[in-house]
Amino acid sequence: MRNRVKELRTERDWTQADLAEQLSVSRQTVNAIEKEKFDPSLPVAFRIARLFDQTIEEIFLDD
Amino acid sequence: MSDKTQTRDRRVNRSTVQLAIWTFVWVATLALASFGPRFIWDYNPTVSWITIVVNVLAGLVWIIAHFNYLRQVDDLQRKIMLEAIAIALGVGLVGGFAVAAAKNIGLISFDSEIAIVSVVMGVVYLVATAIGTVRYR
């Protein structure tokens with residue numbers, strides 16, 4: 001699944017470690033989500049959406 | 001580092017330590033149940049049964065500790081571990097039954113002990129975890 005996590009993170013000048021800390025996940029998880037190797041669980045997707053003040057559909061795009 | 005992250009890290013560390021402790025306890029009680037009859041209590045059946053029961057109980061707590069550990073780690077780590085467990089279980093079942101079938105019809109002559117299957121599953125689990133970690137890096 002495609003996503004805009006990297007784009008939204010870099011807009012805010014956050015590192016992957018910054019984002020990982022705010023989401024309570026590992027940096028490796030953020031990296032895998034950004035590289036679209038791994039789709040997060042629904043709770044993590046909701047945390048991402050809340051953090052960037054967008055809906056899940058605006059961040060995660062169905063192929 | 002935020003309080004939430006520290007709390008999560010503490011929870012993961014605690015469950016990791018508990019898993020390590022119960023893994024050690026299970027292995028130690030298994031060794032006692034396996035070698036104790038020969039070297040310590042001269043095959044006394046009562047003592048042997050007690051050590052077997054203690055080993056099974058330690059194994060149950062180890063399973064719970066593993067379950068708790070999987071609940072504490074984050075999404076990606078859990079996915080990597082579950083995939084590794086699935087591969088290890090598959091290899092254990094497929095390989096174990098194939099060797100048993102070959103033994104039953106006389107294709108192989110060596111003793112196929114269940115301990116070997118456990119060791120193979122453990123090695124496969126470690127390798128699959130390492131590959132998963134590299135794959136999602």
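Tutor: Let us begin with B:Asp75 and B:Arg78, which both lie in helix α3 of chain B, three residues apart, about one turn of the helix. Helices are DSSP runs of H or I with at least four residues, strands are runs of E with at least two, and both are numbered from the N terminus. The model is predicted, and local features need pLDDT of at least 70, side-chain atom pairs count only at pLDDT 80 or more, and totals for chains, interfaces and linings use all residues. Residues are numbered from 1 along each chain as its sequence is written, chains are lettered from A and ligands numbered from 1 in the order in which they are written, and side-chain values use heavy atoms, without hydrogens or water.

B:Asp75 and B:Arg78 form a salt bridge, with their closest N and O atoms 3.6 Å apart; the term requires a side-chain nitrogen of Lys or Arg within 4 Å of a carboxyl oxygen of Asp or Glu. B:Asp75 has a relative accessibility of 12% and counts as buried, whereas B:Arg78, at 25%, is partly exposed. Here buried means under 20% relative accessible area, exposed over 50%, and partly exposed in between (1.4 Å probe, protein chains only).

A further salt bridge joins B:Glu83 to B:Lys79, the closest N and O atoms being 3.3 Å apart. These two residues are separated by about one helical turn, because they stand four residues apart in helix α3 of chain B. B:Glu83 is partly exposed at 26% relative accessibility, and B:Lys79 is partly exposed at 29%. Together with B:Arg135, B:Lys79 and B:Glu83 are linked in a network of salt bridges.

We now turn from the helix to the contact between the chains. In all, 14 residues of chain B are in contact with 15 residues of chain A, contact meaning heavy atoms within 4.5 Å. The two chains bury about 1300 Å² between them, 48% of it on carbon and sulfur atoms; buried area is the accessible area (1.4 Å probe) that two parts lose on being put together, summed over both. Within chain B, the residues that lose the most area to chain A are B:Asp75, B:Leu76 and B:Arg137, which together account for 37% of what that side buries. The side of chain B that touches chain A receives at least two residues from each of α1 (3-39), α3 and α4 (114-135) of chain B. The largest share of that side, four residues, comes from α3(B).

Not counting residues up to four places away in sequence, A:Val5 touches A:Leu19, A:Ile33, A:Glu34, A:Ile48, A:Phe52, A:Ile59 and A:Phe60.

The side chains of A:Arg12 and A:Glu11 meet at 3.5 Å, N to O; A:Arg12 is partly exposed at 31% relative accessibility, and A:Glu11 is exposed at 52%.

Finally, two loop residues deserve attention. Most residues other than glycine have a negative phi. A:Asp13 has a positive phi near 60 degrees; this residue is in the loop between α1 and α2 of chain A and is exposed at 69% relative accessibility. B:Asp42 has a positive phi of about 50 degrees, is found in the loop between α1 and α2 (45-72) of chain B, and is exposed at 64%.
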